[in-house]
Amino acid sequence: MSDPCILIVEMDLLVRTPLAEYLRECGYLVLEASSAGDARTLLEDSARRVDIVLAEVKSGEAAGFALASWVRTHLPNTQVVLAGTIATATEKAGDICQEGPALSKPYDHRLVLDHIQRLLAARDRNDRT
Amino acid sequence: MVPQPRLRPRTRRIVVVEDEVLIRALIAEELRLEGFSVIEADRADDALTYIKSSEPVDMVFSDIQTPRSLNGIQLAETLRDKYPDIPVILTSGNALPGHVGMVEAFVPKPYDVTQTIALMSAILAQKSLGEPL
């Protein structure tokens, strides 16, 4: 049986990449999308069966909810996990890791959050210089 | 003689810049199967931000036509100036030959994934010959 597959939908590369790497370390096959549109494209690609969609939901934007609604209608066997903040997203990823194949659990989701925050701080410093 | 601990080779990190999500996912998946760590960017701007902010990157494989302010050629030019040790491979469906000279290689689209990964591996192997052990 193939590894369970997670699709991460997150616009910010500095957030998405550590989350994806964390979940790969947990034994998942991880797909990455930076938008709901790209996520739909991946989900409609019949070559891939996605088990869980982990998507960001930003306040004031409907794309995340619309994607969740589309998944529930068209892919009823795919679970949708929505996260409103980076902290929530890493917490949800930690939960998925706990429940998943658990090839290894190399680090806590709080370390992933800490890593993401350091990347974002480095970006902010670079933007100022 | 004191035995020296054997250092595990660091996983090579490749940034793939491609706005077509299915193409990006395919090459990223194959690269991971070959043991590479892959950063998937759909925009050259994001790739540059990542390179500035994060761990060292060993190679950039970028489409030339990318959305937003920076295209693949501008990304390659920036990397050549600021990160000259990072080899860059460009790809496109309609590149002009003039773009090819400033990067390690140009791969015309549509490309064969296996051959492209072999090319990347060869360039990285060549580069590692010049690195200190």
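Mentor: Strand E3 (residues 52-56) of chain A is joined to E4(A) by five bridges, and the two run parallel. Strands are DSSP runs of E with at least two residues, helices are runs of H or I with at least four, and both are numbered from the N terminus. Two strands pair if DSSP finds at least two bridges between them.

Keep two things in mind. This is a predicted model, in which local features need pLDDT of at least 70 and side-chain atom pairs count only at pLDDT 80 or more, while totals for chains, interfaces and linings use all residues. Residues are numbered from 1 along each chain as its sequence is written, and chains are lettered from A and ligands numbered from 1 in the order in which they are written.

Now widen the view to the sheet of chain A. Four strands form an open sheet with parallel pairing, in the order E2-E1-E3-E4. The edges belong to strand E2 (29-33) and strand E4 (79-83) of chain A; each has a single partner strand, so one side of each lacks a neighbour in the sheet. On average, neighbouring strands are turned by 20° against each other, direction ignored. Helix H1 (residues 13-25) of chain A packs on this sheet and touches strand E1 (5-9) and E2 of chain A. The direction of H1(A) makes about 165° with that of E2(A). Axes here are lines fitted to C-alpha atoms, for helices over the stretch in contact, and angles run from 0 to 180 degrees between N-to-C directions. Contact means that the C-beta atoms of two residues, placed from the backbone, lie within 7 Å.

What else packs against E3 and E4 of chain A? Helix H4 (residues 86-99) of chain A does: its buried residues pack against E1, H1, E3, E4 and helix H5 (109-128) of chain A. H4(A) has 14 residues and reaches 20 Å from its first C-alpha to its last, close to the 20 Å expected at 1.5 Å a residue. The expected span is 1.5 Å times one less than the number of residues. A residue is buried if 20 or more other C-beta atoms lie within 10 Å of its own, exposed if 12 or fewer, and partly exposed in between, with C-beta atoms placed from the backbone. The buried residues of H4(A) are A:Ile86, A:Ala89, A:Thr90, A:Ala93, A:Gly94, A:Ile96 and A:Cys97. They sit on the same side of H4(A), because they cover an arc of only 160° around the axis. That arc is taken from the directions that lead from the helix axis to the C-beta atoms. The face turned away from the buried side carries exposed A:Asp95, A:Gln98 and A:Glu99.

A:Ser34 lies in the loop between E2 and helix H2 (36-44) of chain A. It counts as buried, because it has 22 C-beta neighbours inside 10 Å. A:Leu13 is 21 residues away from A:Ser34 in sequence, yet 7.7 Å away in space, C-alpha to C-alpha. Leaving aside neighbours within four places in sequence, A:Ser34 is in contact with A:Met11 and B:Asp42.

The contact between the chains takes 15 residues from chain A and 13 residues from chain B. On the side of chain B that touches chain A, helix H1 (21-33), strand E2 (37-41) and helix H2 (44-53) of chain B each supply at least two residues. H2(B) gives the largest share of that side, five residues.

Seven of its 10 residues are buried, so it is largely enclosed by the rest of the structure. Among them are B:Ala44, B:Leu48 and B:Ile51. Their cover includes H1 and H5 of chain A, together with strand E1 (13-17), E2, strand E3 (59-63) and helix H3 (72-82) of chain B.

Chain B has its own open sheet. Five strands form it with parallel pairing, in the order E2-E1-E3-E4-E5. E2 and E5 of chain B stand at its edges, each with a single partner strand, so one side of each has no neighbour in the sheet. Within this sheet, four bridges join E1(B) to E3(B), which run parallel. In E3(B), B:Phe61 is the bridge partner of B:Val16. H2(B) packs on this sheet and touches E1, E2 and E3 of chain B; its direction makes about 160° with that of E1(B).
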